[in-house]
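Please view the sequence and the model together before reading on.

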Amino acid sequence: MMFYTPLLWIVALLEGFFVFAYNLELFDGRFHTDAWFAFSWGSLPVLAGYILQTNQVSIAAFVIAVSTGLLSLVEIKASRPYKELKRTASSADASERTWITGKLEDVLKFLSLGVIVLGIGLALWRWIG
């Protein structure tokens, strides 16, 4: 980073901050929110990868970083209620609970598949042109 990708320092410092601020819920948990999760675990890694390869930031990389942040936001918004429903399983409202958990599980599965296909598409775009 010192000699070849100095722009990466910005992302590395931000990621280092979020590793502790998000995971340890520092600052009274202000950075342990869905939006900060999407930014730190969805957008910043994309920017880091692009900067590592090019030592610059482009509009296209920024747009892709925003989209991966939004995909991360969808993931966290669907996974939290899914986990809560699985954790608090009871016999009351079992059919409705099963239906909702199934729908959330479908969202998470298709989201995962969509991200994988997006990655393959971006790789093909890069290699094939």
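This is a predicted model: local features need pLDDT of at least 70, side-chain atom pairs count only at pLDDT 80 or more; totals for chains, interfaces and linings use all residues.

Residues are numbered from 1 along each chain as its sequence is written, and side-chain values use heavy atoms, with hydrogens and water left out.

**Overall fold**

- The protein chain has four helices and zero strands, with the elements running α-α-α-α from the N terminus on. Helices (H or I, at least four residues) and strands (E, at least two) are DSSP runs, numbered from the N terminus.
- The radius of gyration of the protein chain is 18 Å, whereas a compact globule of 129 residues would have a value near 14 Å. This radius is taken over C-alpha atoms, and the globule rule is 2.2 Å times the number of residues to the power 0.38.
- The C-alpha trace spans about 60 × 45 × 15 Å along its principal axes.
- Of the 129 residues in the protein chain, 26% are buried. Buried means under 20% relative accessible area, exposed over 50%, and partly exposed in between (1.4 Å probe, protein chains only).
- Among contacts (heavy atoms within 4.5 Å) between residues at least 6 apart in sequence, 51% join residues at least 24 apart.

**Nonpolar cores**

- In soluble globular proteins, nonpolar side chains tend to be buried together. A nonpolar core is here a set of buried Ala, Val, Leu, Ile, Met, Phe, Trp, Tyr and Cys residues joined through side-chain atoms within 4.5 Å.
- The largest nonpolar core has 10 residues, including Leu8, Phe18, Phe31, Leu47 and Ala65. Helix 1 (8-23) and helix 2 (34-54) each supply at least two residues of this core.
- Another core, of five residues, lies apart from it, and Ala78, Leu85, Leu104 and Leu108 are among its members.
- Phe31 touches Phe17, Phe18, Ala21, Tyr22 and Trp36, when residues up to four places away in sequence are not counted.

**The largest pocket**

- On a 1 Å grid over the protein atoms alone, a pocket is an open set of points where a 1.4 Å probe fits, with protein on both sides within 12 Å along at least five of seven lines; lining residues have an atom within 4 Å of a point.
- The largest pocket holds about 550 Å³ of space, a volume being the space filled by probe spheres set on grid points joined across faces, edges and corners.
- Its lining has 17 residues, of which Val46, Tyr50, Ile64, Leu122 and Trp125 lie nearest the centre of the pocket.
- Helix 2, helix 3 (59-87) and helix 4 (94-128) each supply at least two lining residues, and helix 4 gives the largest share, seven residues.

**Single residues**

- Thr5 lies in the segment before helix 1 and counts as buried because its relative accessible area is 8%. Neighbours within four places aside, Thr5 is in contact with Ile51, Leu52 and Asn55.
- Thr33 is found in the loop between helix 1 and helix 2, and its 30% relative accessibility is why Thr33 counts as partly exposed.
- Asp34 lies in helix 2 and counts as buried because its relative accessibility is 16%. Leaving aside neighbours within four places in sequence, Asp34 is in contact with Leu73, Ile76, Lys77 and Arg80.
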